[in-house]
Amino acid sequence: MSISKSVHLAAPQKSGEPRRALVLPGGGLRLSYQAGILAALEEAGMVFQFMDGTSGGSLNLSMLLSGLSPTEICRRWRTLRLIDTISFLPIEDCLKVENLQGVGDADGFRSKVLPHFGIDFAAIHQVDAVNANYNVLDYANKTVKTISHQNIDEDMIIAGMSLPGVFPPVRKEGGIYLDTGFVQDANLIEAVRNAAEEIWVLWGLGNTGVYRGGILHLYVQMLEVSANTALNNQLEIIRELNHRIEKGDSPYGQTRPIQVHVIRPDHPLPLDPDLYLGKIDHATLIEMGYADGKAYLQNLTQAPGQINPTNPSRMKDPAPGIRFSQHLAGYLNFQERPGTREDLKLSLTVHIDHLEAFVNDPQHTARVTGHLSNPTIGTFRMLTDGRFTLEKNASKKTRKITYEFGIEKDNQGYSFILEQVLHDDLGLDLWRDLSNLSLKLFKGRVEDGNLVAIGTLCLPLAGIKDLIKSFHATEAASFTEEIAIKGRFARFFLGELYDVYG
């Protein structure tokens, strides 16, 4: 029995539209970021006729083919227990250093992670709404082996995530199979062979001009070099193929030049150890992916980009920064229902990607991600276009902290302005100012003036502990540097408070 109707983001090609391919590269457990982009693509009505998964991207592909929606995929990532991903080899095997093939094994993934993700191989094999491939490294032949979704099994999913030195290779039917990450991390050419005319790549691996020392960074950087080089080489092949297509020579059936869209973060994502150490969580990564996906789609509509730009996965070089979160609760008064209040819960994460630039910026601007829940607006609505500013007035005795962000509901955009005014009035008002924020909700853009609701949000006293715990230095090379980064931010912010209340 076919389950094709239950595959999200998959639909037959419509007349006049390009044939689209969705390419899901690897990137470790950070690929919850990829799930956020999937949610943005579904909201935009994007559908695909071919899908391809590599390494950890195979997990998201398998969830889609098992019938899970992007919203449900995000929920599965948020509720994943990181302890379930860890499975060490027996101690006697670890002591045999000369024969060690990995620091752990994939037993946790087999017995806990794949079931938690709802991956159903019987359902995957029956899908006919979309063609899909998985990629593994055939070690004996030193080639990338593609496996149709109709033939994929648990062993090959695990093989595709078995990076050398992390998991042992999978030995099956006389072959040895591994992750393809050190050869390529995304198979665009397979999408080309399947007549794709638009290829959407959801990229998560880093690509900067900074070279770092240390065992972890050296290993990750080698992986990033291999993956990004392979991506750029494939893009060059596609450029050459496009010249042939324009001349009427189309070996794979395309009727128009192939466009490649690479959605990726502006700054490198945290590495997996930060997840295990609690410096970031899957909810935040999902919200970052969603915001980046929505921004890419919006920019594409407003200013279509160059076809297949050079080095599209290139990110800004990392700099010391700060990330912190706060969870607010309060109410909304909708203008059309005077006298009624609705509860509102809001979780915000402020990303200061470059601390010195933030401190030197007169508006002290940073980006914001997060989600909110409200009976009218919906549950776990992720934010778009999030922006944080801290400004001083002319007298220098008042500071205004502003959060601006948007959400989408039923194809309608809404804009929020959340303000916090710091001003020294009579009495002990510091805590009151720091814990109370006023909120305005607009339908459409703020500039249009269509006010929908007003409200107040508070940071509860118990939330101070969580706020303090959420402060994490980003791109810190050592514990000492982490302390220095936090100290630099503390001096800046306490200095602002002293100017007002001192």
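**Exercise 1.** Work out how helices α2 and α3 are oriented to each other.

Solution. The two are oblique to each other; angles under 35 degrees count as roughly parallel, over 145 as roughly antiparallel, 65 to 115 as roughly perpendicular and the rest as oblique. To see this, take α2 (residues 57–65) and α3 (residues 70–78): their axes cross at roughly 130° and come within 10 Å. Axes are lines fitted to C-alpha atoms over the stretch in contact, with angles from 0 to 180 degrees between N-to-C directions. Helices are DSSP runs of H or I with at least four residues, and strands are runs of E with at least two, numbered from the N terminus.

Before going on, note that this is a predicted model, where local features need pLDDT of at least 70, side-chain atom pairs count only at pLDDT 80 or more, and totals for chains, interfaces and linings use all residues. Residues are numbered from 1 along each chain as its sequence is written, and side-chain values use heavy atoms, leaving out hydrogens and water.

**Exercise 2.** Decide whether N242 is buried or exposed, and find what its side chain reaches.

Solution. Start with its place: N242 lies in helix α9 (residues 215–246). Its relative accessibility is 6%, so N242 counts as buried (buried is under 20% relative accessible area, exposed over 50%, partly exposed in between, with a 1.4 Å probe and protein chains only). Finally, the N242 side chain reaches the backbone nitrogen of I258 at 2.6 Å.

Methods:
A polar contact is a pair of N or O atoms within 3.5 Å; within protein, one must be able to donate a hydrogen and the other to accept it, and residues adjacent in sequence count only if both atoms are side-chain atoms.
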